[in-house]
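Subject: Structure handover

Hello,

Here is the structure I promised to pass on. Please open it next to this message and follow along.

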Amino acid sequence: MSDGGTLPQEILTDVLSRLPVKLLCRFKCVSPSWKTLISSPYFAKTHLNRTKTLKNPKNPNKKILLMADDLYSVDLAHTNPTATKLSIPPAEQRLQHQVRVVNSCDGLVLLSIRCGSELILLNPSTRECKKLPAFTCVVDSANYIDSNLYGVGYDSSTDDYKVVIVSRQIVAVYSLRTDSWRRIQDADFSLKACSGRVFVNGCLHGICWRDGCNGIVAFDLSDEVVREVPQPAWYCGFGSEIASYWVAVLGGCLCLVDNRAPEFWKMKEYGVRESWTEFKKIRSGLFKAWLVCLLAEDEFLLKTTLGRGLKQWVVYNSQKDTVRNMVVWGMPDEFSFQGNYVESLISPHHGGGIGRQ
């Protein structure tokens, strides 16, 4: 069976697409035909679609990125998770504190280097990475990641992954298919700050400060238009408190998170203001904690402060009202949460025919 035996291509694809990425990377060594199949953009998209189909919305892929002295990947699905260091070449001339995770889409993670002077697409599962060409138009270089809405997303209308920059001067889009940037319009509103960036429902979202208050803004990757997202009726922008709120995705729905409570709201029907629902809230007075991320609809990853300033990471289950410590092996005591990602074979190097056979 050195060349896949007599299994028909469709059956082989169906079987292999059910396996984890780490195993598939090893299986490339089975035979030339297996390597060609597993390395193809079509198989990568098939594998991703199956992962999304089989994934239980109440138990999403618990792979997260943490930053300490380096960038680490952690799979929280394991009882005793271990941190895996991710190399970001060329690392010899780069200080790791200059690296920040912007957001992720389909397993591709967008990294900002030195306040956005470099942008890198990384697949933590396959370890592939690609430095994007420089964007020459003038953008807000100071506090780049904090003053612009930008991130990576997937445009299903063109079967293309795009990186978007919406600054106070311009709107620009990078296409993975063409490996180039283009300026599509001048921004028609002033962005002064932006926190949290997630891709959901074909749009890149963030909470942006503009016109004296803050609100949820979305950039549609298909029609390439910036628009505001209907906010909960109670939410009217809280001035300088923008840092207390951020957006997230859970079960395919857009969520608004308040770090101070901590609590979150889910937009059950995208674009419908009345569908915002307060979903879960951590019992007041349980402990002093900072919400790091949502692991599931009833699980929160929290960071608490112990005596002498020591940090403890815990998982709180709101349904069972239980708390358990989370110890990540191989991590320094001090580290910060950088975002979630899904395991996939999507390559940052494929410029065309990403999902078509």
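Below is what turned up, going from the whole chain to single residues.

**Overall**

Please keep in mind that this is a predicted model. The protein chain has 5 helices and 24 strands. Of its 357 residues, 51% are buried. Take the contacts between residues at least 6 apart in sequence: 50% of them join residues at least 24 apart.

Helix 1 brings Gln-9, Leu-12, Thr-13 and Leu-16 to the contact, while helix 3 brings Trp-34, Leu-37 and Ile-38. By class, that makes 5 nonpolar and 2 polar residues, with no charged ones.

Leu-66 sits opposite Tyr-72 of strand 2.

The other open sheet also consists of 4 strands, in the order 4-5-6-7, again with antiparallel pairing. Strand 4 (99–105) and strand 7 (128–131) are at its edges; each has a single partner strand, so one side of each has no neighbour in the sheet. Neighbouring strands here are turned by 25° against each other on average, direction ignored. Strand 4 runs antiparallel to strand 5 (residues 108–113), and 6 bridges join them. In that pair, Val-99 faces Ile-113 of strand 5.

**Strands 9 and 10**

Next, a hairpin. Strand 9 and strand 10 form it, with 3 residues between them. Strand 9 (residues 160–166) pairs with strand 10 in the antiparallel sense over 5 bridges. Ile-165 stands opposite Ala-172 of strand 10.

How many residues of strand 10 (residues 170–175) are buried? The count is 6 of 6, so to speak a mostly covered strand. In a regular strand, side chains alternate between the two faces of the sheet. In strand 10, both faces are covered. Ile-170, Ala-172 and Tyr-174 are buried on one side, and Val-171, Val-173 and Ser-175 are buried on the other.

Asp-155 belongs to strand 8 (residues 149–155). Is this residue buried or exposed? Asp-155 counts as buried, because its relative accessibility is 1%, under the 20% cut-off. Beyond its neighbours within four places in sequence, Asp-155 contacts Asp-160, Lys-162, Leu-221 and Ser-222. Asp-220 is 65 residues away along the chain, yet its C-alpha atom is 8.6 Å from that of Asp-155.

Most residues other than glycine have a negative phi. Two aspartates deserve a look here.

- Asp-159 has a positive phi, near 55°. It is placed in the loop between strand 8 and strand 9. Asp-159 counts as buried, at 4% relative accessibility.
- Asp-179 is not a glycine either, and its phi is positive at about 55°. It lies in the loop between strand 10 and strand 11 (180–186). Asp-179 counts as partly exposed, at 37% relative accessibility.

**Cysteines**

How many disulfides does a search of the whole structure find? The search finds 0. Take Cys-29: the closest cysteine sulfur is in Cys-25, at 9.5 Å, which is too far for a bond. The cut-off for a disulfide is 2.5 Å between the sulfur atoms. Cys-29 counts as exposed, with a relative accessibility of 70%. Cys-105, by contrast, counts as buried, at 4%.

Best wishes

Conventions
Residues are numbered from 1 along each chain as its sequence is written. This is a predicted model: local features need pLDDT of at least 70, side-chain atom pairs count only at pLDDT 80 or more; totals for chains, interfaces and linings use all residues. Side-chain values use heavy atoms; hydrogens and water are left out. Buried means under 20% relative accessible area, exposed over 50%, partly exposed in between (1.4 Å probe, protein chains only). Two strands pair if DSSP finds at least two bridges between them. Contact means heavy atoms within 4.5 Å. Ala, Val, Leu, Ile, Met, Phe, Trp, Tyr, Cys and Pro count as nonpolar, Asp, Glu, Lys and Arg as charged, and the others, Gly among them, as polar. Axes are lines fitted to C-alpha atoms, for helices over the stretch in contact, and angles run from 0 to 180 degrees between N-to-C directions.
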